[in-house]
Amino acid sequence: MRKQVDPIIDRYRGDRTAIVAILHEINAAFRYLPREALERVSEQLSIPLSHLYSAATFYRSFDLEPCGEHEIQVCLGTACHVRGSELILDALSRRLGIKPGETTADSKYTLKRVNCLGACALGPLVSIDRDYHGHLTAHQAERLLEAYEDEDA
Ligand code: FES
């Protein structure tokens, strides 16, 4: 753990104000924020662990549980919701057999509901591994997921 976390901390040269950037890098490296990694940051930068957890829970982009290989975010912000994104979320949830916030048993997919992906004109919007797919129907979203499943097969 130290081998992976220390270089990230070092890149910011002990800058305590770079906490969010450090946490982003750790989240990207592990696909979540492992407790041991947060303890190391706390120890190295003399920041209470509770402060790190506050930051980790304040920003929705952080994960405290391991994520799947593919992160699917379905936007349920107003602009997407009025265009049917709830139906997309239901369809993907059914197909994957998991609820929003969960990861499939094979650790391939994590399904998340988010409040706005910042591209409302494209709604209803789904992001998979940070690639945006706009103007989707539930059926198209399922086909899109199938393409990822085929790629992984
Ligand atoms: S409401 Fe969906 S991107 Fe903004």
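## Contacts around I26

Contact means that heavy atoms lie within 4.5 Å. By this criterion, and leaving aside neighbours within four places in sequence, I26 is in contact with V5, I8, R31, Y32, L33, P34, A37 and V41.

## Basis of the model

This is a predicted model, in which local features need pLDDT of at least 70 and side-chain atom pairs count only at pLDDT 80 or more, while totals for chains, interfaces and linings use all residues. Residues are numbered from 1 along each chain as its sequence is written, and side-chain values use heavy atoms, with hydrogens and water left out.

## Overall architecture

The chain contains seven helices and four strands; helices (H or I, at least four residues) and strands (E, at least two) are DSSP runs, numbered from the N terminus. In order from the N terminus, the elements are α-α-α-α-β-α-α-β-β-β-α. The C-alpha atoms fill a box of roughly 50 × 35 × 20 Å along the principal axes.

Of the 153 residues, 42% count as buried, that is, under 20% relative accessible area with a 1.4 Å probe, protein chains only.

## Nonpolar cores

A nonpolar core is a set of buried Ala, Val, Leu, Ile, Met, Phe, Trp, Tyr and Cys residues joined through side-chain atoms within 4.5 Å. The largest such core has 20 residues, and I22, I26 and V41 have the most contacts inside it. Two or more residues each come from α1 (2-11), α2 (19-30), α3 (35-45) and α4 (49-58). The largest share, five residues, belongs to α2.

Another core, of 17 residues, lies apart from this one and includes L96, L111, A141 and Y148.

Terms used:
Buried means under 20% relative accessible area, exposed over 50%, partly exposed in between (1.4 Å probe, protein chains only).
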